[in-house]
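The notes follow in the order I made them.

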Amino acid sequence: MNKLCSCIVPCFNEEKVIPIYYDEMQKVMKQEENIEFEIIFVDDGSKDGTLEIMRKLSEQDPKVHYISFSRNFGKEAALYAGLERAKGDYVITMDVDLQDPPYLIPKMIRCIEEENYDSVATRRVTREGEPVIRSFFARQFYKLINKISDSNIVDGARDFRMMKRKMVDAILTMPEYNRFTKGIFGWVGFETKWLEYKNVERAAGETKWSFWKLFRYACEGIMAFSTAPLMAVSLMGVFVCIFAFLFLIFVIVRAAVFGDPVAGWPSLVCIISFLSGIQLLGMGVVGMYLSKTYLETKHRPIYIEKESH
């Protein structure tokens, strides 16, 4: 009996690229005679004709399924919805814009079946075509999160990977509201092989990831898999207290020796402003963690399904 491979494809306003992606996947599906495929498109609240294209493909091809959200819940929610829906022995998560090349799928299948890996993941070894500043901050993010968390996230890692069913089941046991899939992949473990490839430009359309959205996503990852920011703020508070104590001794000695209690008010204002900034920073970091805890305790659904087939 042939194995079933489920391909999960999140989409947000991708009407231009879905037909191109489908044509490329057709080539791969015809190439793999011993593997049955199903494609699960997840419409993340698109405002264009994305859902209509999914409906047409689903009517034409029984291997194509789709889930449509009631609004935009984000890529993380779309990936989770796809994992819940997938029935395959192997499950692939990938982007629809062809920056995750479908031609790598046969090689992934060989690694899973012949080399007995639990997962085959991909990473970009170049970032050609990407803004220099974005590339710089992305590399710094990977370095930082690997130092402060227990999750191993490879630099340039993509969400494009193939997993055996047991790894998918392990991920589904983590129904947390604030999701960072790259971290979850690393946290659950399992034997993973990494495939490297050069960066590929989008086949059509425009990226939905602005610098601000990437920054927020990075913050989500850090808070989801590390408490290091809380420790950093605590240590900062200790150093500031030591500095304040030493400065107090300096002021007392200076007043006793020179008797000049009025001079120095500009430095005093600077110190007060500095300490206030430290306090606000600390409160902000703690507040971000509390907000995440607050959202988790509400037990809201990760997504709301409007339509599916």
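The model I am reading is predicted.

I then asked which residue in S8 is the bridge partner of Ile 67. I found Ser 308. S8 covers residues 305-308, and three bridges join S3 to this strand, the two running antiparallel.

Next I looked up burial along S3, residues 64-69, and found six of its six residues buried. I sorted these residues by face. Val 64, Tyr 66 and Ser 68 lie on one side, His 65, Ile 67 and Phe 69 on the other, and both faces are covered.

**Helix H3**

I asked how many of the 11 residues of H3 are buried. The count is nine, so I noted the helix, residues 75-85, as mostly covered, taking buried to mean under 20% relative accessible area. The buried residues run through Lys 75, Glu 76, Ala 77, Ala 78, Leu 79, Tyr 80, Ala 81, Gly 82 and Leu 83.

**Asp 97**

I located Asp 97 in the loop between strand S4 (90-93) and helix H4 (105-114). Is Asp 97 buried or exposed? I put Asp 97 down as buried because its relative accessible area is 6%. I also logged a polar atom of the Asp 97 side chain at 2.9 Å from the backbone nitrogen of Gln 99.

Notes. Residues are numbered from 1 along each chain as its sequence is written. This is a predicted model: local features need pLDDT of at least 70, side-chain atom pairs count only at pLDDT 80 or more; totals for chains, interfaces and linings use all residues. Side-chain values use heavy atoms; hydrogens and water are left out. Buried means under 20% relative accessible area, exposed over 50%, partly exposed in between (1.4 Å probe, protein chains only). Helices (H or I, at least four residues) and strands (E, at least two) are DSSP runs, numbered from the N terminus. A polar contact is a pair of N or O atoms within 3.5 Å; within protein, one must be able to donate a hydrogen and the other to accept it, and residues adjacent in sequence count only if both atoms are side-chain atoms. Two strands pair if DSSP finds at least two bridges between them.
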